[in-house]
Amino acid sequence: MVGKRKIAMILGMLLMGTGLIGCGNSTADNSGQSAGNNEAKKNIGIVQLVQHDALDSANKGFVDALKEKGYEEGKNITIEQQNAQGEQANAQTICSQFTDAKKDLIFAIATPAAQAAYNSTKDIPIVFTAVTDPVAAKIANDWKSSGTNVTGTSDKVPVDQQIDLLKKLIPDAKTLGVIYNTSEANSVIQVDELKKAAEAKGLSVKEIGVTNVNEINQNLSSALGDIDVLYTPTDNTVASGYALVGNLCVENNVPIIGAEEAVVDKGGLASIGIDYYKLGQEAGYKAVEILEGKKPSDIEITTLSEMSFTINTDVAEKLGITIPDDILKDAKKVTGGVK
């Protein structure tokens, strides 16, 4: 009997030891799971004002920059893409949803989208792109340090350089038309700068205002007879109608000088302007700094130091414009946009 009791006691102690070991393993597993939870995916909301080539390129540049720096959709970040279809009210609704969902970061593409994001939250970090003047848009107090939860990249372009290019390519031009959305602050700022630069070079400026894409055909058509060349700023409404703008101008022998490359592909003559992919890419790098702990107000708002220089050789031939060799050799050459 004694022998049996000893055996029973030994077996009991062994079972207790096994149980403790099991508990120890369970604790270790829970600890590992908790550490994994501390490295949870970051949630990013992207609000794009409208779909067109320039903003699409900026969007892609942003996502590619995140991936380049190790932040990849489905692995350590989750990205929710939303398009406001050109409507400010839609942008505001989207940004309110992002705020309610407590996103870790909001990426806003174009001025109205950035304003909607800033109106929705003063806490969640916001990175913008394709905003000409963030101070005038009232989403930042200063370019060096926003003083807000906002930073990003501006698509401000060198208007003086574009006027100089215009004068070299179309030296006899007297009247410069500019088509833009009169309700977009981004564009009003550019037109004011354009008028000063053009008048300093002896050009008069004819404003062609629109409030939506549907007005482009009539308003531009009625003005083409009064202008020698058309300038297209970085305007989202006009960019959505580049194909129409290009066709109308080519048919009426009016060259287009654009603030960004996309219009040159659609019938514009030339551009010294923004590469929106690179602009979005730079914004993506700023977003990475924020995801890694930096405050938006500590990250300077910047423009691109290098502009893209593009000439459409088909349009030049169609309009009978000779491109000087010193200009042509340094330009990216594209074709198309001519029927």
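Trainee: Why are α5 and α6 called oblique to each other?

Mentor: First, this is a predicted model, where local features need pLDDT of at least 70, side-chain atom pairs count only at pLDDT 80 or more, and totals for chains, interfaces and linings use all residues. Residues are numbered from 1 along each chain as its sequence is written, and side-chain values use heavy atoms, leaving out hydrogens and water. Now, α5 (residues 159-169) and α6 (residues 185-200) pack at about 45°. Angles under 35 degrees count as roughly parallel, over 145 as roughly antiparallel, 65 to 115 as roughly perpendicular and the rest as oblique. The pair is therefore oblique.

Trainee: Which residues of α5 and α6 meet?

Mentor: Val159, Asp160 and Ile163 in α5 meet Glu193, Leu194, Ala197 and Ala198 in α6; contact means heavy atoms within 4.5 Å. These divide into five nonpolar, no polar and two charged. Ala, Val, Leu, Ile, Met, Phe, Trp, Tyr, Cys and Pro count as nonpolar, Asp, Glu, Lys and Arg as charged, and the others, Gly among them, as polar.

Trainee: What joins strand β4 to strand β5?

Mentor: Five bridges join β4 (residues 126-131) to β5 (residues 150-154). Pairing takes at least two bridges found by DSSP, so β4 and β5, with five, count as paired. These strands run parallel, and isoleucine 126 stands opposite valine 150 in β5.

Trainee: What is the strand order of the open sheet?

Mentor: Its six strands run β2-β1-β3-β4-β5-β11. β2 and β11 stand at the edges, each with a single partner strand, so one side of each lacks a neighbour in the sheet.

Definitions and conventions: Axes fitted to C-alpha atoms, helices over the stretch in contact; angles between N-to-C directions. Helix = DSSP H or I, 4+ residues; strand = E, 2+ residues; numbered from the N terminus.
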